[in-house]
Amino acid sequence: MVFKLNNHLLSRIASSNGHGEDSPYFEGWKAYDSNPHHPMENPNGIIQMGLAENQLSFDLIQDWLKNNPKASICTPEGVNEFREIAIFQDYHGLPEFRNAVAKFMAKVRGNKVTFDPDRVVMNGGATGAHETIAFCLADPGEAFLVPTPYYPGFDRDLRWRTGVKLIPVDSESSNNFKVTREALENAYEMAKLVNIKVKGLLITNPSNPLGTMLDRETLRSIVRFINEKNIHLVCDEIYAATVFSQPEFISIAEIVQEDIECNLNLVHIVYSLSKDMGFPGLRVGIIYSYNDAVVSCARKMSSFGLVSSQTQYMIASMLSDDEFVGKFIRESKTRMAARHRVFTDGLAQASIKCLETSNAGLFLWMDLRGLLKEKTFEAEMALWRVIIHEVKLNVSPGCSFHCTEPGWFRVCIANMDDQTMEVALSRIRTFVNKDVDTKKPKRTLRWQGSLKLSSPRIYDDFINSPHSPLPQSPLVLARN
């Protein structure tokens, strides 16, 4: 006999939509999973361009592993350490692991700042780190401000199990989506209007999805803002080593070490090796806090999502190799710059532009506003479905990043080989050129058919949804 499990037998958290799987961001992944591109076995399949993964320098990692077999306890050369590592798992982490991570974080930031290994708290990837910091800093119903556009996973990572709310801080393309003091104040006041307590501000630097960095004056303005409001600042810096051209990356750690008024107890950094080293599967996430109480609390909470001691052992050995780390960082940036240049040049051949201030990250913020039937999020979703199902590319629409302007798309460029990249560019050029050639009444644009649109204006959907922090905001009503 087969029993069907009904939702009423589950907890509210388990049966809720807090994971956000109905977002276009995740919906695109499902489409890819059902029909993945393969150059030989499925050449007409969907190419995955929704995954921000760094696969450009794996050969450097593989070479190091071959030359350092003792770094793994699963090799004949390293098996003598197997027993000691296999039985040891303390939530503080291996001392050599924390020392190596602290040293690597400093090197990635040009050794302009130092990090205390005793403040390094490990987590199961940046996902676990963000949830842990949310648990530490806010109670259910309290909120974080988040500049838009922002990574769709934040809606899951910070909200689903914690009950914490996210309040968008709007930015516009007219100033390259810069985070302004005015926008921060507006979002903060919006929260006060509906009696929501703001506990912190979350920034991503370099930005996902923009691929841009916050300049020094903006970072100083942000520090002044959180000090005046007495709220926390969480800085996601997981793309710190992906900056491939000038200007150089400026960490919040560098700002707080300047002669600037700053309550260090309010400042926290989230980091991982998923993007900078290309290790998302190893689940190495880091919380670095200047607050002793947060370090203590986060370390205890990390018991629910530790990094395996086997992984810690290998990472400690790899990151302690100064010569290798220096070579990897330099070569990774060189390859990222080359891929960025080739891809943007390829898009330019189809008269497609990207955000020009981008010089970091594993993606481009692609401007397809000129392809929209009208300037609405309905039109953006319709275009996106054509790109997914006809052009066979999984790119992510701006609405899933809470962008306020329709027509922007994030396209990931570092998770594929050169051959696949050329296929993707060819598909884009073919699609755009066909559209240009058929601006005539005899042909209906392919996204004008009977497509079911699952996401109208996402900002308003977000505000009016059951998960919204601002269900009846007067400011939102005034904008409609």
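This is a predicted model: local features need pLDDT of at least 70, side-chain atom pairs count only at pLDDT 80 or more; totals for chains, interfaces and linings use all residues.
## Two helix pairs

In it, the axes of helix α5 (residues 95-108) and helix α12 (residues 309-319) cross at roughly 45 degrees. α5 and α12 are therefore oblique to each other. Their axes come within 8 Å, and the crossing is left-handed. On the α5 side, the contact uses E96, F97, A100, V101 and F104. On the α12 side, Q312, I315, A316 and L319 take part. By class, the α5 and α12 contact holds seven nonpolar residues, one polar and one charged.

Helix α2 (residues 24-34) and helix α14 (residues 377-389) form another pair, with axes that come within 11 Å and cross at roughly 20 degrees. That angle makes α2 roughly parallel to α14. The crossing of α2 and α14 is right-handed. P24, E27, G28 and A31 of α2 meet M381, W384, R385 and I388 of α14. The class count for the α2 and α14 contact is five nonpolar, one polar and two charged residues.

## The chain overall

The protein chain has 17 helices and 13 strands. Of its 480 residues, 56% count as buried. Consider contacts between residues with a separation of 6 or more: 75% of them join residues 24 or more positions apart.

Strands of a sheet pair through backbone hydrogen bonds, either parallel or antiparallel. Seven strands here make an open sheet with mixed pairing, in the order β2-β8-β7-β6-β5-β3-β4. β2 (120-124) and β4 (165-169) stand at the edges. Each has a single partner strand, so one side of each is left without a neighbour in the sheet. From one strand to the next, the twist averages 25 degrees.

Helices lie across this sheet. Helix α8 (residues 181-193) lies across β3 (143-147), β4 and β5 (198-204). α8 runs at about 140 degrees to β4. Helix α11 (residues 292-301) lies across β2, β7 and β8, at about 30 degrees to β2.

## Strand β7, a closer look

Strand β7 spans residues 267-272. Six of its six residues are buried, so β7 is largely enclosed by the rest of the structure. V267, I269 and Y271 point one way from the strand. H268, V270 and S272 point the other way, and all are buried.

Which strands pair with β7? Strand β6 (residues 232-236) pairs with β7 in the parallel sense over four bridges. In that pairing, V234 stands opposite H268, and L233 has V267 as its bridge partner. Strand β8 (residues 284-289) runs antiparallel to β7, and five bridges join the two.

## The four-stranded sheet

Four strands form an open, antiparallel sheet in the order β9-β10-β13-β12. β9 (353-354) and β12 (396-397) stand at the edges. Each of these has a single partner strand, so one side of each lacks a neighbour in the sheet. Helix α13 (residues 322-348) packs on this sheet and touches β9, β10 and β13. The direction of α13 makes about 15 degrees with that of β10.

Strand β10 (residues 363-367) and strand β13 (residues 408-412) pair in the antiparallel sense over five bridges. D367 has W408 of β13 as its bridge partner.

Is E254 buried or exposed? The cut-off for buried is under 20% relative accessible area. At 14% relative accessibility, E254 counts as buried. E254 lies in helix α10 (residues 252-256). Leaving aside residues up to four places away in sequence, E254 touches K112, V113 and R216.

Q349 lies in the loop between α13 and β9. Q349 is exposed, with a relative accessible area of 58%. Q349 and N433 are 84 residues apart in sequence. In space, Q349 and N433 are 9.9 Å apart, C-alpha to C-alpha.

How values were computed: Residues are numbered from 1 along each chain as its sequence is written. Side-chain values use heavy atoms; hydrogens and water are left out. Axes are lines fitted to C-alpha atoms, for helices over the stretch in contact, and angles run from 0 to 180 degrees between N-to-C directions. Angles under 35 degrees count as roughly parallel, over 145 as roughly antiparallel, 65 to 115 as roughly perpendicular and the rest as oblique. A crossing is left-handed if the near helix is turned anticlockwise from the far one by less than a right angle, and right-handed if clockwise. Contact means heavy atoms within 4.5 Å. Ala, Val, Leu, Ile, Met, Phe, Trp, Tyr, Cys and Pro count as nonpolar, Asp, Glu, Lys and Arg as charged, and the others, Gly among them, as polar. Buried means under 20% relative accessible area, exposed over 50%, partly exposed in between (1.4 Å probe, protein chains only). Two strands pair if DSSP finds at least two bridges between them.
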